[in-house]
Amino acid sequence: MGWFLLAGALVAVGIVGGLGVRSRSSRQRALVQLCADAGLSYAVLDPFPDTTLLPFRVFGWGSAHGVENIVLHGTDDHAIRVFDLWVEPTPGQARRTMTCGVVPLPFGAPPIAVLPRGQYDPSEEPVMGDVVHLELDAFERRFEVRAVDPRAAVALLDQRMMAALLRLPMRVAIHVRDDAMLLVAPLLDPGDVLRLLACAEGLATRAPVVASLYPPRPARGPYERRWLQGSWSPDPTSADASEPG
């Protein structure tokens, strides 16, 4: 009797695994077709070498992960893109799957989180700082904003940016850190993947220019020393007291 139960369990596992493979294949085929129709680029595996270097813990900070089904316009090395991400925090723990978007920013900022109220964030990205209240009631009802430096959140979330976030057709958690914005949603249907890409591109065009407050990470030069502290500070350090700004 035990052998029959074991055999039945193995068959069930095989069926579930087969259904999962078929489901992923169907999703990939749908994405390929939608991208072809929309003139978008598609890759099964991640062609971007910098993804694991993005300043968010969900990208490989001590956990197994995988990036696949990448959708973007063109082939720019620093392009806005959307992709599926799976994360396995510890060996044997159930995988979390999600759809993410990455928006490069022309400035660097301390951590900011814009979280939909009542929505689980599948990235489980750490949220730091205090709650920041903004003047738009509709935005306050839908999102909670937390930031290490409230000035950064107020500068980023101006009226145009808040209006763009309120128009998002799906509930998305947004994390900003250094020079990147991360959009996170539960695993999306293929059509919604393309919608998320359009939303990410729209947010990029509406992001205010706050480089005077939080300049981009410099590759070299006197201000680089501030980045070596771990994050940019608009206030001079003791070593940079003679520098402007």
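Trainee: Which strand do seven bridges join to β2, and in which sense do the two run, antiparallel or parallel?

Mentor: Strands pair if DSSP finds at least two bridges between them. Here β2 is joined by seven bridges to strand β3 (residues 81-88), and the two run antiparallel. Within that pair, L72 has R81 of β3 as its bridge partner. On the other pairing, β2 (residues 64-72) and β1 (residues 41-45) are antiparallel over four bridges, with L72 the partner of S41.

Trainee: Before we go on, what sort of model is this?

Mentor: It is a predicted model, where local features need pLDDT of at least 70 and side-chain atom pairs count only at pLDDT 80 or more, while totals for chains, interfaces and linings use all residues. Residues are numbered from 1 along each chain as its sequence is written, and side-chain values use heavy atoms, leaving out hydrogens and water.

Trainee: How many helices and strands are in the chain?

Mentor: Helices (H or I, at least four residues) and strands (E, at least two) are DSSP runs, numbered from the N terminus. The chain has six helices and seven strands, in the order α-β-β-β-β-β-α-β-α-α-β-α-α.

Trainee: Is M161 buried or exposed?

Mentor: Buried means under 20% relative accessible area, exposed over 50%, and partly exposed in between (1.4 Å probe, protein chains only). M161, in helix α4 (residues 159-166), has a relative accessible area of 2%, so M161 is buried.

Trainee: Which residues does M161 touch, not counting those up to four places away in sequence?

Mentor: Contact means heavy atoms within 4.5 Å. By that rule M161 touches L156, M181, L203, R206, A207 and P208.
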